[in-house]
Amino acid sequence: MVIVVTEIKDIQQFVCVSKQIFKDGFQYNYYKDEESLENFFSSNNPFWQHAEYQLFIAEQDNQPVGRIAVIVDSSYNRYYKQKTAFFGFFEVNNNFVVTKLLFREATKYLQNKKIKKLLGPIDGNMFNNVGLLQNNFSL
């Protein structure tokens, strides 16, 4: 059910997932607009000189039902002498099974990179959004 997203066209697909999931509701996180996400994941962003990411999308019946990004910031890990990654841009429409599958795939990816800790939700780094929306309230 979870697919790994790596190609530029898939980044666009990743960016549009939350709009597709919440198209009929008011839970859509408008502050994560498509243009700002595309700019963040752009190869022109200097953050990617010391960080890398992997994007995951969960689909059911060829429809997106969730997404998550994991980010490994080598500068952070070097400074704090840790093997830590961050998760963010996490969107699921109230489905625990999808949530488990996304985190399972993210965890497998990070285990292969010898990452020991996963922190979040942080949308990329501390200069972006931190927190989550639950029951229509930001936490």
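Between β2 and β3 there is a loop, and asparagine 62 lies in it. In this predicted model, asparagine 62 has a phi near 60°, a positive value in a residue other than glycine. Is asparagine 62 buried or exposed? With a relative accessible area of 67%, asparagine 62 is exposed, because the cut-off for that label is over 50%.

Of the 139 residues, 41% count as buried.

Where do the nonpolar residues gather? The largest nonpolar core has 17 residues, and those with the most contacts inside it are Phe14, Phe40, Phe41, Trp48, Ile71 and Phe89. Four elements each supply at least two residues of this core: α1 (8-21), α2 (34-40), β2 (51-60) and β3 (63-73). The greatest contribution comes from α1, which gives five residues. There is also a second, separate core, made of 15 residues, including Phe56, Ile68, Ala85 and Leu110.

Helix α1 is also the place of isoleucine 11. Isoleucine 11 has a relative accessible area of 10%, so it counts as buried, the limit being under 20%. Along the chain, isoleucine 11 and phenylalanine 56 are 45 residues apart, while 9.9 Å separates their C-alpha atoms.

Now follow strand β3 to arginine 67. Is this arginine 67 buried or exposed? Its relative accessibility is 0%, so arginine 67 counts as buried. What does its side chain reach? The side chain of arginine 67 comes to 2.7 Å from the backbone oxygen of phenylalanine 14, and phenylalanine 14 is itself one of the residues with the most contacts inside the largest core. Across the strands, arginine 67 stands opposite glutamate 91 in β4. That pair belongs to an antiparallel arrangement, in which five bridges join β3 to β4.

Strand β4 deserves a moment of its own. Eight of its nine residues are buried, leaving the strand mostly covered. In a regular strand the side chains alternate between the two faces of the sheet. Besides its antiparallel partner β3, β4 pairs with β5 (117-119) in the parallel sense over three bridges. Here alanine 85 stands opposite leucine 118 in β5; alanine 85 is also among the residues of the second core.

At the start of α4, a side-chain oxygen of asparagine 95 reaches to within 3.0 Å of the backbone nitrogen of valine 97.

Which residues of α4 are buried? They are Val98, Thr99, Leu102, Ala106, Tyr109 and Leu110. Looking down the helix axis, these buried residues fall within an arc of 105°, so they line one face of α4. The spacing makes sense: an α-helix has 3.6 residues a turn, so residues three or four places apart point the same way. On the face turned away from the buried side, α4 carries the exposed residues Phe96, Val97 and Asn112. One of the buried residues, Leu110, is also included in the second core. After α4 comes lysine 114, whose phi is positive, near 65°.

Our last stop is the loop between β5 and β6 (133-134), the place of proline 121. Look at the peptide bond from glycine 120 to proline 121: it is cis, with omega near 5°.

Technical notes: Residues are numbered from 1 along each chain as its sequence is written. This is a predicted model: local features need pLDDT of at least 70, side-chain atom pairs count only at pLDDT 80 or more; totals for chains, interfaces and linings use all residues. Side-chain values use heavy atoms; hydrogens and water are left out. A nonpolar core is a set of buried Ala, Val, Leu, Ile, Met, Phe, Trp, Tyr and Cys residues joined through side-chain atoms within 4.5 Å. Buried means under 20% relative accessible area, exposed over 50%, partly exposed in between (1.4 Å probe, protein chains only). The arc is that of the directions from the helix axis to the C-beta atoms. A polar contact is a pair of N or O atoms within 3.5 Å; within protein, one must be able to donate a hydrogen and the other to accept it, and residues adjacent in sequence count only if both atoms are side-chain atoms. Two strands pair if DSSP finds at least two bridges between them.
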